[in-house]
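Here are some notes to read beside the model, written for someone who is new to looking at protein structures. Please keep the picture open while going through the points.

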Amino acid sequence: MEGLTLMKDRRPATVPGSRPGPSARPDRGTRMADLMSAAAGGSEEALGQIVTELSPLLWQVARAAGLTSGDAEDVLQTVWLRLLSHWDSIRSPSSLTAWLVITTKREAWRVRAAGRRQLPVDQDQFTVLPDQGPGLEEQAIVDDQRRALWAAIDRLDRRCQELLRIIAFAPRPDYAAIAARLGMRPGSVGPTRGRCLAKLRGLLADGPEVSPA
Amino acid sequence: MKPSDAGGWPADGPLDETDLQILADIRDLFQAADPMPPDLPERIRFSLALRDLEVEVARLAAEEGQQMLAVRGPEQSRTITFDSDSLTIMIRIDRNRDGTARVDGWLAPAQRREIEMKTTSDTLSAASDEQGRFSFASVPRGTAQLVVRPADQGASGSGRSVVTPALIL
(Lines give C-alpha, C1' and ligand atoms only; values in the text may rest on other atoms or scores of the structure.)
Protein backbone atom coordinates (compact mmCIF):
# COMPACT_ATOMS: atom_id res chain seq x y z
CA MET A 1 0.00 0.00 0.00
CA GLU A 2 1.46 3.31 -0.96
CA GLY A 3 1.11 6.25 1.33
CA LEU A 4 2.37 4.31 4.27
CA THR A 5 4.08 6.93 6.31
CA LEU A 6 6.31 6.61 9.28
CA MET A 7 6.02 8.91 12.24
CA LYS A 8 9.42 10.45 11.57
CA ASP A 9 8.55 11.38 8.01
CA ARG A 10 5.44 13.31 8.81
CA ARG A 11 6.22 16.98 8.71
CA PRO A 12 4.19 19.40 6.65
CA ALA A 13 6.49 21.49 4.53
CA THR A 14 4.18 24.46 4.54
CA VAL A 15 4.11 25.14 8.25
CA PRO A 16 7.61 26.25 9.13
CA GLY A 17 9.01 25.45 12.51
CA SER A 18 6.11 23.40 13.73
CA ARG A 19 5.26 19.78 14.12
CA PRO A 20 1.73 18.51 13.97
CA GLY A 21 0.37 16.28 16.60
CA PRO A 22 -0.39 15.80 20.19
CA SER A 23 2.80 17.45 21.41
CA ALA A 24 1.69 20.95 20.57
CA ARG A 25 4.17 23.73 21.04
CA PRO A 26 3.24 26.47 23.47
CA ASP A 27 2.93 29.05 20.70
CA ARG A 28 0.61 26.97 18.57
CA GLY A 29 -2.47 28.70 19.90
CA THR A 30 -1.15 32.10 18.92
CA ARG A 31 -0.04 30.91 15.51
CA MET A 32 -3.40 29.25 14.85
CA ALA A 33 -5.32 32.30 16.00
CA ASP A 34 -3.33 34.41 13.55
CA LEU A 35 -3.92 31.93 10.73
CA MET A 36 -7.63 31.85 11.56
CA SER A 37 -8.12 35.59 11.37
CA ALA A 38 -6.12 35.75 8.13
CA ALA A 39 -8.15 32.87 6.67
CA ALA A 40 -11.43 34.43 7.72
CA GLY A 41 -10.29 37.57 5.94
CA GLY A 42 -9.76 35.64 2.74
CA SER A 43 -6.11 34.53 2.86
CA GLU A 44 -5.86 31.33 0.84
CA GLU A 45 -2.36 30.68 2.14
CA ALA A 46 -3.45 30.87 5.77
CA LEU A 47 -6.45 28.66 5.11
CA GLY A 48 -4.22 26.23 3.25
CA GLN A 49 -1.93 25.91 6.25
CA ILE A 50 -4.90 25.16 8.49
CA VAL A 51 -6.11 22.55 5.99
CA THR A 52 -2.71 20.89 5.92
CA GLU A 53 -2.52 20.80 9.67
CA LEU A 54 -5.99 19.53 10.54
CA SER A 55 -7.02 17.32 7.61
CA PRO A 56 -5.22 14.20 8.92
CA LEU A 57 -7.37 14.47 12.06
CA LEU A 58 -10.58 14.85 10.03
CA TRP A 59 -9.61 11.88 7.87
CA GLN A 60 -9.56 9.71 10.99
CA VAL A 61 -12.92 11.12 12.11
CA ALA A 62 -14.51 10.25 8.75
CA ARG A 63 -12.96 6.79 8.58
CA ALA A 64 -13.86 6.02 12.20
CA ALA A 65 -17.45 6.82 11.20
CA GLY A 66 -17.28 3.97 8.70
CA LEU A 67 -16.91 5.83 5.41
CA THR A 68 -15.08 4.44 2.39
CA SER A 69 -11.97 6.31 1.30
CA GLY A 70 -13.85 7.98 -1.55
CA ASP A 71 -16.67 9.15 0.68
CA ALA A 72 -14.21 10.34 3.30
CA GLU A 73 -12.49 12.50 0.67
CA ASP A 74 -15.82 14.00 -0.42
CA VAL A 75 -16.84 14.67 3.16
CA LEU A 76 -13.58 16.41 4.01
CA GLN A 77 -13.98 18.72 1.01
CA THR A 78 -17.55 19.51 2.01
CA VAL A 79 -16.55 20.30 5.58
CA TRP A 80 -13.78 22.69 4.57
CA LEU A 81 -16.06 24.43 2.07
CA ARG A 82 -18.71 24.83 4.76
CA LEU A 83 -16.15 26.41 7.04
CA LEU A 84 -15.96 29.39 4.65
CA SER A 85 -19.41 30.45 5.80
CA HIS A 86 -18.93 29.67 9.48
CA TRP A 87 -16.01 31.79 10.62
CA ASP A 88 -18.39 34.03 12.56
CA SER A 89 -19.33 31.26 14.95
CA ILE A 90 -15.76 30.14 15.64
CA ARG A 91 -13.74 32.07 18.17
CA SER A 92 -10.68 30.07 19.15
CA PRO A 93 -8.36 27.38 17.79
CA SER A 94 -10.02 24.86 20.10
CA SER A 95 -13.49 25.72 18.92
CA LEU A 96 -12.27 25.51 15.30
CA THR A 97 -10.96 21.99 15.85
CA ALA A 98 -14.11 20.95 17.68
CA TRP A 99 -16.33 22.45 14.95
CA LEU A 100 -14.38 20.65 12.23
CA VAL A 101 -14.56 17.34 14.10
CA ILE A 102 -18.29 17.45 14.81
CA THR A 103 -19.11 18.75 11.32
CA THR A 104 -17.10 15.93 9.77
CA LYS A 105 -18.95 13.45 11.92
CA ARG A 106 -22.34 14.91 10.97
CA GLU A 107 -21.49 14.98 7.26
CA ALA A 108 -20.36 11.37 7.58
CA TRP A 109 -23.71 10.42 9.14
CA ARG A 110 -25.45 12.20 6.34
CA VAL A 111 -23.58 10.21 3.71
CA ARG A 112 -24.27 6.97 5.53
CA ALA A 113 -27.94 7.81 5.95
CA ALA A 114 -28.20 8.54 2.23
CA GLY A 115 -27.18 4.95 1.69
CA ARG A 116 -24.32 5.69 -0.59
CA ARG A 117 -21.23 3.55 -0.88
CA GLN A 118 -20.68 2.08 2.52
CA LEU A 119 -18.15 -0.16 4.01
CA PRO A 120 -19.49 -3.64 4.43
CA VAL A 121 -20.56 -3.87 8.02
CA ASP A 122 -18.50 -6.68 9.41
CA GLN A 123 -18.92 -7.13 13.07
CA ASP A 124 -18.95 -3.59 14.23
CA GLN A 125 -19.19 -0.17 12.71
CA PHE A 126 -15.75 0.62 13.98
CA THR A 127 -12.98 -1.59 12.77
CA VAL A 128 -9.95 -1.24 14.94
CA LEU A 129 -7.75 -2.98 12.43
CA PRO A 130 -8.70 -1.38 9.13
CA ASP A 131 -8.47 -3.37 5.93
CA GLN A 132 -4.85 -4.31 5.72
CA GLY A 133 -3.16 -4.66 2.40
CA PRO A 134 -0.72 -7.46 1.78
CA GLY A 135 2.52 -6.86 3.56
CA LEU A 136 1.12 -4.13 5.71
CA GLU A 137 0.78 -6.38 8.67
CA GLU A 138 4.50 -6.91 8.85
CA GLN A 139 5.17 -3.20 8.58
CA ALA A 140 2.47 -1.83 10.80
CA ILE A 141 2.43 -4.33 13.57
CA VAL A 142 6.07 -4.96 13.91
CA ASP A 143 6.44 -5.71 17.52
CA ASP A 144 4.70 -7.09 20.53
CA GLN A 145 4.16 -3.68 22.02
CA ARG A 146 2.11 -2.55 19.09
CA ARG A 147 0.25 -5.82 18.99
CA ALA A 148 -0.57 -5.42 22.65
CA LEU A 149 -1.84 -1.90 22.04
CA TRP A 150 -4.08 -3.07 19.19
CA ALA A 151 -5.43 -5.85 21.36
CA ALA A 152 -6.15 -3.46 24.21
CA ILE A 153 -7.89 -0.94 21.95
CA ASP A 154 -9.91 -3.75 20.50
CA ARG A 155 -11.31 -4.51 23.94
CA LEU A 156 -12.55 -0.96 24.56
CA ASP A 157 -16.15 -0.03 23.83
CA ARG A 158 -16.79 1.58 20.47
CA ARG A 159 -17.16 5.12 21.78
CA CYS A 160 -13.81 4.93 23.54
CA GLN A 161 -12.16 3.48 20.43
CA GLU A 162 -13.48 6.33 18.36
CA LEU A 163 -12.62 9.02 20.89
CA LEU A 164 -9.03 7.85 21.36
CA ARG A 165 -8.50 7.46 17.61
CA ILE A 166 -9.65 11.04 17.11
CA ILE A 167 -7.88 12.54 20.12
CA ALA A 168 -4.62 10.88 19.09
CA PHE A 169 -4.58 13.10 15.98
CA ALA A 170 -5.70 16.28 17.72
CA PRO A 171 -3.64 19.12 19.17
CA ARG A 172 -3.40 18.64 22.90
CA PRO A 173 -5.03 21.92 23.98
CA ASP A 174 -8.11 20.88 21.97
CA TYR A 175 -8.76 17.51 23.66
CA ALA A 176 -11.40 18.80 26.06
CA ALA A 177 -13.27 20.82 23.43
CA ILE A 178 -13.41 17.83 21.08
CA ALA A 179 -14.51 15.42 23.79
CA ALA A 180 -17.23 17.84 24.86
CA ARG A 181 -18.55 18.21 21.30
CA LEU A 182 -18.55 14.44 20.93
CA GLY A 183 -20.68 14.21 24.06
CA MET A 184 -18.04 12.38 26.04
CA ARG A 185 -18.36 14.33 29.24
CA PRO A 186 -18.12 13.82 32.16
CA GLY A 187 -14.91 11.97 32.95
CA SER A 188 -13.56 12.69 29.54
CA VAL A 189 -10.08 13.21 28.26
CA GLY A 190 -9.06 16.79 28.72
CA PRO A 191 -7.14 18.13 31.59
CA THR A 192 -7.91 14.76 33.13
CA ARG A 193 -7.06 11.34 31.79
CA GLY A 194 -10.65 10.38 31.27
CA ARG A 195 -12.48 7.10 31.38
CA CYS A 196 -11.23 5.77 28.04
CA LEU A 197 -7.52 6.26 28.64
CA ALA A 198 -7.84 4.99 32.19
CA LYS A 199 -9.48 1.86 30.90
CA LEU A 200 -6.86 1.42 28.20
CA ARG A 201 -4.00 1.76 30.67
CA GLY A 202 -5.61 -0.83 32.83
CA LEU A 203 -5.89 -3.21 29.91
CA LEU A 204 -2.29 -2.59 28.90
CA ALA A 205 -1.07 -3.17 32.44
CA ASP A 206 -3.01 -6.40 32.69
CA GLY A 207 -1.19 -7.65 29.63
CA PRO A 208 -2.53 -9.61 26.73
CA GLU A 209 -5.16 -12.19 27.30
CA VAL A 210 -3.45 -14.47 24.83
CA SER A 211 0.31 -14.22 24.78
CA PRO A 212 1.74 -13.38 21.39
CA ALA A 213 3.36 -16.13 19.43
CA MET B 1 -9.69 -10.62 32.88
CA LYS B 2 -10.66 -7.62 34.92
CA PRO B 3 -9.63 -4.17 33.80
CA SER B 4 -7.84 -2.39 36.59
CA ASP B 5 -9.05 1.07 35.73
CA ALA B 6 -9.91 1.73 39.34
CA GLY B 7 -6.27 1.16 40.22
CA GLY B 8 -3.27 3.42 39.69
CA TRP B 9 -4.64 5.52 36.86
CA PRO B 10 -7.91 7.11 37.88
CA ALA B 11 -10.06 8.67 35.19
CA ASP B 12 -10.03 11.96 37.07
CA GLY B 13 -6.26 12.03 37.40
CA PRO B 14 -4.20 14.41 35.30
CA LEU B 15 -2.90 13.35 31.89
CA ASP B 16 0.68 12.22 32.37
CA GLU B 17 3.59 11.47 30.06
CA THR B 18 2.59 7.83 29.70
CA ASP B 19 -0.91 8.82 28.60
CA LEU B 20 0.56 11.13 25.99
CA GLN B 21 2.93 8.41 24.83
CA ILE B 22 0.02 6.00 24.46
CA LEU B 23 -1.85 8.58 22.37
CA ALA B 24 1.27 9.04 20.22
CA ASP B 25 1.43 5.27 19.75
CA ILE B 26 -2.25 5.16 18.77
CA ARG B 27 -1.58 7.89 16.26
CA ASP B 28 1.30 5.88 14.80
CA LEU B 29 -0.87 2.80 14.47
CA PHE B 30 -3.67 4.53 12.59
CA GLN B 31 -1.25 6.61 10.58
CA ALA B 32 0.29 3.37 9.33
CA ALA B 33 -2.94 1.42 8.93
CA ASP B 34 -5.22 4.10 7.49
CA PRO B 35 -3.31 7.15 6.32
CA MET B 36 -4.97 10.10 4.67
CA PRO B 37 -4.23 10.12 0.92
CA PRO B 38 -1.19 12.39 0.66
CA ASP B 39 -2.66 14.48 -2.16
CA LEU B 40 -5.96 15.20 -0.38
CA PRO B 41 -4.93 18.51 1.27
CA GLU B 42 -3.85 19.77 -2.15
CA ARG B 43 -7.25 18.90 -3.63
CA ILE B 44 -9.00 20.60 -0.72
CA ARG B 45 -6.86 23.71 -1.16
CA PHE B 46 -7.83 23.75 -4.84
CA SER B 47 -11.53 23.60 -3.99
CA LEU B 48 -11.15 26.39 -1.42
CA ALA B 49 -9.48 28.77 -3.85
CA LEU B 50 -12.60 30.78 -4.59
CA ARG B 51 -13.28 34.42 -5.21
CA ASP B 52 -16.08 34.33 -2.66
CA LEU B 53 -15.66 34.49 1.07
CA GLU B 54 -19.00 32.81 1.63
CA VAL B 55 -20.42 30.04 -0.49
CA GLU B 56 -23.32 27.65 -0.55
CA VAL B 57 -21.97 24.11 -0.63
CA ALA B 58 -23.44 21.57 -3.05
CA ARG B 59 -22.94 18.08 -1.70
CA LEU B 60 -22.45 15.04 -3.83
CA ALA B 61 -25.88 13.38 -3.79
CA ALA B 62 -25.71 10.62 -6.35
CA GLU B 63 -23.34 9.21 -8.87
CA GLU B 64 -23.72 6.75 -11.70
CA GLY B 65 -21.07 5.34 -13.93
CA GLN B 66 -17.55 5.28 -12.72
CA GLN B 67 -16.73 6.23 -9.21
CA MET B 68 -15.63 9.79 -8.89
CA LEU B 69 -12.21 8.92 -7.63
CA ALA B 70 -11.66 5.80 -9.64
CA VAL B 71 -9.06 5.53 -12.33
CA ARG B 72 -10.53 6.79 -15.58
CA GLY B 73 -11.91 4.09 -17.75
CA PRO B 74 -12.61 3.96 -21.44
CA GLU B 75 -15.42 5.90 -23.09
CA GLN B 76 -17.75 5.72 -20.17
CA SER B 77 -20.10 8.50 -19.26
CA ARG B 78 -20.78 9.44 -15.67
CA THR B 79 -23.71 11.25 -14.20
CA ILE B 80 -23.26 13.13 -10.96
CA THR B 81 -25.85 14.99 -8.94
CA PHE B 82 -25.06 17.67 -6.38
CA ASP B 83 -27.56 19.18 -3.97
CA SER B 84 -27.34 22.49 -2.16
CA ASP B 85 -29.96 24.37 -0.16
CA SER B 86 -31.18 26.27 -3.19
CA LEU B 87 -30.07 24.25 -6.23
CA THR B 88 -29.71 20.80 -7.66
CA ILE B 89 -26.91 20.46 -10.18
CA MET B 90 -26.77 17.41 -12.40
CA ILE B 91 -23.88 16.85 -14.77
CA ARG B 92 -23.06 14.24 -17.37
CA ILE B 93 -19.42 13.77 -18.23
CA ASP B 94 -18.36 12.21 -21.53
CA ARG B 95 -14.88 11.67 -22.80
CA ASN B 96 -13.91 13.47 -26.01
CA ARG B 97 -11.66 11.78 -28.57
CA ASP B 98 -8.82 14.13 -27.70
CA GLY B 99 -8.92 13.04 -24.07
CA THR B 100 -10.68 16.11 -22.75
CA ALA B 101 -14.09 15.85 -21.14
CA ARG B 102 -17.43 17.16 -22.33
CA VAL B 103 -19.70 18.24 -19.48
CA ASP B 104 -23.44 18.74 -19.96
CA GLY B 105 -25.38 20.05 -17.02
CA TRP B 106 -28.80 20.98 -15.76
CA LEU B 107 -29.81 23.24 -12.92
CA ALA B 108 -33.02 22.72 -10.99
CA PRO B 109 -35.03 24.81 -10.47
CA ALA B 110 -34.31 25.79 -14.07
CA GLN B 111 -32.82 29.25 -14.32
CA ARG B 112 -30.29 31.38 -16.12
CA ARG B 113 -27.02 31.55 -14.22
CA GLU B 114 -23.37 32.12 -14.96
CA ILE B 115 -21.41 28.97 -14.42
CA GLU B 116 -17.68 28.44 -14.08
CA MET B 117 -15.65 25.29 -14.41
CA LYS B 118 -12.49 25.83 -12.45
CA THR B 119 -9.57 23.63 -13.46
CA THR B 120 -5.98 23.58 -12.32
CA SER B 121 -4.90 25.51 -15.41
CA ASP B 122 -7.85 27.73 -16.23
CA THR B 123 -11.38 28.81 -15.43
CA LEU B 124 -13.96 28.16 -18.16
CA SER B 125 -17.23 30.07 -18.32
CA ALA B 126 -20.67 29.14 -19.52
CA ALA B 127 -24.26 30.20 -18.90
CA SER B 128 -27.37 28.17 -18.37
CA ASP B 129 -30.48 28.80 -20.50
CA GLU B 130 -34.11 29.12 -19.33
CA GLN B 131 -34.31 25.36 -19.06
CA GLY B 132 -31.28 25.39 -16.77
CA ARG B 133 -29.06 23.68 -19.34
CA PHE B 134 -25.40 24.43 -19.77
CA SER B 135 -22.40 22.74 -21.31
CA PHE B 136 -18.65 22.80 -21.46
CA ALA B 137 -17.47 21.23 -24.70
CA SER B 138 -13.89 20.62 -23.73
CA VAL B 139 -12.58 20.51 -20.17
CA PRO B 140 -9.01 19.39 -19.56
CA ARG B 141 -8.55 16.13 -17.76
CA GLY B 142 -7.79 16.39 -14.06
CA THR B 143 -9.21 18.19 -11.07
CA ALA B 144 -12.19 20.46 -11.68
CA GLN B 145 -14.85 22.28 -9.68
CA LEU B 146 -18.16 23.84 -10.66
CA VAL B 147 -19.11 27.28 -9.39
CA VAL B 148 -22.61 28.61 -10.03
CA ARG B 149 -22.47 32.36 -9.69
CA PRO B 150 -25.12 34.22 -7.70
CA ALA B 151 -28.30 35.11 -9.52
CA ASP B 152 -29.05 38.80 -10.11
CA GLN B 153 -30.84 40.29 -7.15
CA GLY B 154 -33.85 38.11 -7.88
CA ALA B 155 -36.17 36.41 -5.49
CA SER B 156 -34.51 33.02 -5.73
CA GLY B 157 -30.92 34.08 -5.26
CA SER B 158 -29.17 33.65 -1.95
CA GLY B 159 -26.53 36.08 -3.11
CA ARG B 160 -23.90 33.41 -2.69
CA SER B 161 -22.15 31.23 -5.22
CA VAL B 162 -23.00 27.55 -5.15
CA VAL B 163 -19.86 25.41 -5.29
CA THR B 164 -19.25 21.68 -5.66
CA PRO B 165 -16.37 19.72 -4.22
CA ALA B 166 -13.46 19.21 -6.56
CA LEU B 167 -13.97 16.22 -8.81
CA ILE B 168 -11.64 14.36 -11.07
CA LEU B 169 -12.56 14.41 -14.73
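1. The model is a predicted one, and in it chain B has two helices and eleven strands, which follow one another along the sequence as α-α-β-β-β-β-β-β-β-β-β-β-β.

2. Staying with chain B, 36% of its 169 residues count as buried, and residues 24 or more positions apart account for 48% of those contacts in chain B that have a separation of 6 or more.

3. In chain A, please look at helix H2 (residues 44-64) and helix H7 (residues 158-167), whose axes come within 9 Å and cross at roughly 165°. Because angles over 145 degrees count as roughly antiparallel, H2(A) is roughly antiparallel to H7(A), and the crossing of the two helices is right-handed.

4. Where these helices meet, H2(A) brings A:Leu57, A:Gln60, A:Val61 and A:Ala64, while H7(A) brings A:Glu162, A:Arg165 and A:Ile166. Sorted by class, this contact holds four nonpolar, one polar and two charged residues.

5. Which residues touch the most other members of the largest nonpolar core? Among its 92 residues they are A:Ala62, A:Leu76, A:Leu164, A:Ile166 and A:Ile167, and H2(A) gives the most to this core, with ten residues.

How values were computed
Residues are numbered from 1 along each chain as its sequence is written. Chains are lettered from A and ligands numbered from 1 in the order in which they are written. This is a predicted model: local features need pLDDT of at least 70, side-chain atom pairs count only at pLDDT 80 or more; totals for chains, interfaces and linings use all residues. Axes are lines fitted to C-alpha atoms, for helices over the stretch in contact, and angles run from 0 to 180 degrees between N-to-C directions. Helices (H or I, at least four residues) and strands (E, at least two) are DSSP runs, numbered from the N terminus. Angles under 35 degrees count as roughly parallel, over 145 as roughly antiparallel, 65 to 115 as roughly perpendicular and the rest as oblique. A crossing is left-handed if the near helix is turned anticlockwise from the far one by less than a right angle, and right-handed if clockwise. Two residues are in contact if their C-beta atoms, placed from the backbone, lie within 7 Å. Ala, Val, Leu, Ile, Met, Phe, Trp, Tyr, Cys and Pro count as nonpolar, Asp, Glu, Lys and Arg as charged, and the others, Gly among them, as polar. A residue is buried if 20 or more other C-beta atoms lie within 10 Å of its own, exposed if 12 or fewer, and partly exposed in between; C-beta atoms are placed from the backbone. A nonpolar core is a set of buried Ala, Val, Leu, Ile, Met, Phe, Trp, Tyr and Cys residues joined through C-beta atoms within 7 Å.
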